Amino acid sequence: MWQNWEQEYKPEMQLHNYLFWDMDVERLDYTQHRTLVVQRVIERGSSEDFLAMFKLYGGVKNVRKIIKEIPYLSERNISFVCIFFNLKKEELRCYTRKLLREQLLNC
């Protein structure tokens, strides 16, 4: 789907500041907060944000690894990343955490 994202990417593309409305963008460490950045792009990003994210983290393959670490995504976003990035729900930390919470609540 986005295997040829590099052809669509333009050097002026950057992540939009509105994705990080609740923090100081100047102090945001994109390496340390990579799961937060990817989560925000998935939840609220435009196609330009996706392209900028792929460039920032070295491509679709690396973003797939980061997605697996995200602690929370809605059901809708879980379905989206599974289809878009060819992942299984069981590979996602957010999904396994959700299952554990449900098990604890049902005891």
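User: How much of the contact between residues at least 6 apart in sequence joins residues at least 24 apart?

Analyst: In this predicted model, 55% of the contacts between residues at least 6 apart in sequence join residues at least 24 apart.

User: And which elements is the chain built from?

Analyst: From the N terminus on, the elements run α-α-α-α-α-α, which amounts to 6 helices and 0 strands.

User: What size of box do the C-alpha atoms fill, and what share of the residues is buried?

Analyst: Taken along the principal axes, the box filled by the C-alpha atoms is roughly 50 × 35 × 20 Å, and buried residues account for 34% of the 107 residues in the chain. The chain exposes about 7,200 Å², with carbon and sulfur atoms supplying 49% of that area.

User: How many charged side chains are there, positive and negative?

Analyst: There are 17 positive and 15 negative side chains, and the centres of these two sets lie 7 Å apart.

User: Let's zoom in on helix 4. Which of its residues are buried?

Analyst: Helix 4 covers residues 60-67, and its buried residues are Val63, Ile66 and Ile67. Seen down the helix axis, these buried residues fall within an arc of 100°, so they line one face of helix 4.

User: Why would residues a few places apart point the same way?

Analyst: An α-helix has 3.6 residues a turn, so residues three or four places apart point the same way.

User: What sits on the face of helix 4 turned away from the buried side, and what covers the buried residues?

Analyst: The face turned away carries the exposed residues Lys61 and Lys65, while the cover over the buried residues of helix 4 includes helix 2 (34-44), helix 3 (47-57) and helix 5 (75-84).

User: What does Ile67 touch, leaving out residues up to four places away in sequence?

Analyst: Ile67, which is found in helix 4, touches Val38, Ile42, Val81, Phe85, Leu87 and Leu92 when residues up to four places away are not counted. Its relative accessible area is 0%, so Ile67 is buried.

User: Over to helix 2, then. Which residues are buried there?

Analyst: The buried residues of helix 2 are Val37, Val38, Gln39, Arg40, Val41 and Ile42, and what covers them includes helix 3, helix 4 and helix 5.

User: Changing topic to the loops: where is Asn86, and what is its phi?

Analyst: Asn86 is found in the loop between helix 5 and helix 6 (93-105). Its phi is near 55°, a positive value in a residue other than glycine, and Asn86 is exposed, with a relative accessible area of 64%.

User: What about the loop between helix 1 and helix 2, where does Lys10 stand relative to Glu48?

Analyst: Lys10 is in the loop between helix 1 (5-8) and helix 2, and it counts as partly exposed at 40% relative accessibility. Lys10 and Glu48 are 38 residues apart in sequence, and their C-alpha atoms are 9.0 Å apart in space.

User: Last one: how far is Met13 from Cys94?

Analyst: Met13, which lies in the loop between helix 1 and helix 2, counts as buried at 10% relative accessibility. The C-alpha atoms of Met13 and Cys94 are separated by 29 Å, with the two residues 81 apart along the chain.

Notes
Residues are numbered from 1 along each chain as its sequence is written. This is a predicted model: local features need pLDDT of at least 70, side-chain atom pairs count only at pLDDT 80 or more; totals for chains, interfaces and linings use all residues. Side-chain values use heavy atoms; hydrogens and water are left out. Helices (H or I, at least four residues) and strands (E, at least two) are DSSP runs, numbered from the N terminus. Buried means under 20% relative accessible area, exposed over 50%, partly exposed in between (1.4 Å probe, protein chains only). Contact means heavy atoms within 4.5 Å. Accessible areas come from the Shrake-Rupley method with a 1.4 Å probe; for residues, only the protein chains shown count as cover. Lys and Arg count as positive and Asp and Glu as negative; His and the chain ends are not counted. The place of a charge is taken as NZ of Lys, CZ of Arg, CG of Asp or CD of Glu. The arc is that of the directions from the helix axis to the C-beta atoms.
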